[in-house]
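This report walks through one protein model, moving from the chain as a whole to its helix contacts and then to a loop. Please keep the sequence and the structure in view while reading.

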Amino acid sequence: MSDVPAITKSSWLLILLLAFIWGGTFLVTEIALTEMPPFWIAATRVGLAATVMIPFWGLRGFRLFTTPPTRADIAAVIFIGAASSAVPFSLLAWGQQYVTSGDLPPETSLSLM
(Lines give C-alpha, C1' and ligand atoms only; values in the text may rest on other atoms or scores of the structure.)
Protein backbone atom coordinates (compact mmCIF):
# COMPACT_ATOMS: atom_id res chain seq x y z
CA MET A 1 0.00 0.00 0.00
CA SER A 2 1.40 3.38 -1.00
CA ASP A 3 0.92 6.60 0.97
CA VAL A 4 1.78 8.76 -2.04
CA PRO A 5 -1.35 10.59 -3.29
CA ALA A 6 -2.27 10.17 -6.92
CA ILE A 7 -2.10 13.42 -8.88
CA THR A 8 -4.78 13.31 -11.53
CA LYS A 9 -6.22 15.72 -14.07
CA SER A 10 -8.96 16.60 -11.61
CA SER A 11 -6.26 17.51 -9.03
CA TRP A 12 -4.76 19.99 -11.50
CA LEU A 13 -8.22 21.38 -12.32
CA LEU A 14 -8.89 21.94 -8.62
CA ILE A 15 -5.53 23.75 -8.28
CA LEU A 16 -6.43 25.97 -11.25
CA LEU A 17 -9.84 26.71 -9.75
CA LEU A 18 -8.25 27.58 -6.42
CA ALA A 19 -5.71 29.88 -8.11
CA PHE A 20 -8.52 31.58 -10.07
CA ILE A 21 -10.58 32.16 -6.92
CA TRP A 22 -7.68 33.35 -4.75
CA GLY A 23 -6.16 35.51 -7.48
CA GLY A 24 -9.54 36.92 -8.44
CA THR A 25 -10.13 38.28 -4.96
CA PHE A 26 -7.21 40.69 -5.37
CA LEU A 27 -8.63 41.99 -8.65
CA VAL A 28 -12.12 42.37 -7.18
CA THR A 29 -10.69 44.12 -4.11
CA GLU A 30 -8.71 46.53 -6.32
CA ILE A 31 -11.86 47.42 -8.25
CA ALA A 32 -13.98 47.69 -5.10
CA LEU A 33 -11.47 50.06 -3.46
CA THR A 34 -12.47 52.71 -5.99
CA GLU A 35 -15.92 52.87 -4.38
CA MET A 36 -15.73 51.35 -0.88
CA PRO A 37 -13.50 51.68 2.18
CA PRO A 38 -11.33 48.66 3.07
CA PHE A 39 -13.33 47.68 6.15
CA TRP A 40 -16.54 47.32 4.15
CA ILE A 41 -14.78 45.28 1.49
CA ALA A 42 -13.56 42.87 4.16
CA ALA A 43 -17.00 42.78 5.80
CA THR A 44 -18.62 42.05 2.44
CA ARG A 45 -16.09 39.31 1.72
CA VAL A 46 -16.67 37.61 5.08
CA GLY A 47 -20.45 38.07 4.78
CA LEU A 48 -20.51 36.55 1.30
CA ALA A 49 -18.47 33.58 2.50
CA ALA A 50 -20.87 33.10 5.42
CA THR A 51 -23.84 33.21 3.05
CA VAL A 52 -22.26 30.53 0.86
CA MET A 53 -21.40 28.35 3.85
CA ILE A 54 -24.84 28.49 5.55
CA PRO A 55 -26.40 25.83 3.26
CA PHE A 56 -23.48 23.47 3.99
CA TRP A 57 -23.89 24.15 7.70
CA GLY A 58 -27.60 23.43 7.30
CA LEU A 59 -26.82 20.05 5.77
CA ARG A 60 -25.02 19.25 9.02
CA GLY A 61 -28.09 20.21 11.04
CA PHE A 62 -26.78 23.68 12.04
CA ARG A 63 -24.59 22.04 14.68
CA LEU A 64 -21.35 23.77 15.54
CA PHE A 65 -20.47 21.87 18.71
CA THR A 66 -21.17 18.27 19.73
CA THR A 67 -21.92 19.43 23.29
CA PRO A 68 -23.34 22.74 24.48
CA PRO A 69 -20.62 25.39 24.10
CA THR A 70 -18.99 27.03 27.08
CA ARG A 71 -18.01 30.69 27.21
CA ALA A 72 -14.47 29.63 26.40
CA ASP A 73 -15.69 27.80 23.27
CA ILE A 74 -17.58 30.87 22.08
CA ALA A 75 -14.59 33.12 22.81
CA ALA A 76 -12.33 30.73 20.85
CA VAL A 77 -14.67 30.79 17.84
CA ILE A 78 -14.78 34.60 17.88
CA PHE A 79 -10.99 34.84 18.21
CA ILE A 80 -10.38 32.35 15.39
CA GLY A 81 -12.86 34.15 13.13
CA ALA A 82 -11.20 37.50 13.78
CA ALA A 83 -7.63 36.20 13.52
CA SER A 84 -8.13 34.07 10.42
CA SER A 85 -10.61 36.11 8.40
CA ALA A 86 -11.78 39.52 9.56
CA VAL A 87 -8.43 41.10 10.50
CA PRO A 88 -6.34 39.67 7.61
CA PHE A 89 -8.95 40.57 4.98
CA SER A 90 -9.22 44.09 6.40
CA LEU A 91 -5.44 44.51 6.38
CA LEU A 92 -5.14 43.14 2.85
CA ALA A 93 -7.76 45.59 1.56
CA TRP A 94 -6.18 48.46 3.50
CA GLY A 95 -2.71 47.63 2.16
CA GLN A 96 -3.97 47.28 -1.38
CA GLN A 97 -4.88 50.96 -1.31
CA TYR A 98 -1.21 51.88 -1.07
CA VAL A 99 0.59 49.09 -2.93
CA THR A 100 -0.05 48.88 -6.62
CA SER A 101 -0.39 45.52 -8.28
CA GLY A 102 1.50 46.36 -11.44
CA ASP A 103 0.66 49.91 -12.42
CA LEU A 104 3.59 51.91 -13.67
CA PRO A 105 4.14 55.43 -12.39
CA PRO A 106 3.03 58.08 -14.93
CA GLU A 107 6.62 59.26 -15.52
CA THR A 108 7.73 55.75 -16.54
CA SER A 109 7.90 55.28 -20.28
CA LEU A 110 7.96 51.93 -21.99
CA SER A 111 8.78 53.31 -25.41
CA LEU A 112 12.14 52.56 -26.92
CA MET A 113 12.57 56.03 -28.38
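## The chain as a whole

In the protein chain, residues 24 or more positions apart account for 64% of the contacts with a separation of 6 or more, where contact means heavy atoms within 4.5 Å. This is a predicted model, in which local features need pLDDT of at least 70 and side-chain atom pairs count only at pLDDT 80 or more, while totals for chains, interfaces and linings use all residues. Residues are numbered from 1 along each chain as its sequence is written, and side-chain values use heavy atoms, with hydrogens and water left out.

The protein chain has 3 helices and 0 strands, and its pattern along the sequence reads α-α-α; helices (H or I, at least four residues) and strands (E, at least two) are DSSP runs, numbered from the N terminus. Of the 113 residues in the protein chain, 7% are buried, a class that means under 20% relative accessible area, with exposed being over 50% and partly exposed in between (1.4 Å probe, protein chains only). The accessible surface of the protein chain comes to about 9,900 Å², and 74% of that surface belongs to carbon and sulfur atoms; such areas come from the Shrake-Rupley method with a 1.4 Å probe, and for residues only the protein chains shown count as cover.

## Helix H1 against helix H3

Two packed helices are described by the angle between their axes and the distance between the axes. Helix H1 (residues 9-32) and helix H3 (residues 71-96) have axes that come within 10 Å and cross at roughly 60 degrees, the axes being lines fitted to C-alpha atoms, for helices over the stretch in contact, with angles from 0 to 180 degrees between N-to-C directions. H1 is therefore oblique to H3, since angles under 35 degrees count as roughly parallel, over 145 as roughly antiparallel, 65 to 115 as roughly perpendicular and the rest as oblique.

On the H1 side the contact is made by Phe26, Thr29 and Glu30, and on the H3 side by Leu92, Ala93 and Gln96.

## Helix H2 against helix H3

The axes of helix H2 (residues 38-59) and H3 come within 8 Å and cross at roughly 135 degrees, which means that H2 is oblique to H3. Pro38, Phe39, Ile41, Ala42, Arg45 and Val46 in H2 meet Ser85, Ala86, Phe89, Ser90, Ala93 and Trp94 in H3.

## The loop between H2 and H3

Phe62 is found in the loop between H2 and H3, and it counts as partly exposed because its relative accessibility is 49%. Most residues other than glycine have a negative phi. Phe62, although not a glycine, has a positive phi of about 55 degrees.

Leu64 also lies in the loop between H2 and H3, and with 59% relative accessibility Leu64 counts as exposed. From C-alpha to C-alpha, Leu64 and Val77 are 10.0 Å apart in space, and they are 13 residues apart in sequence.
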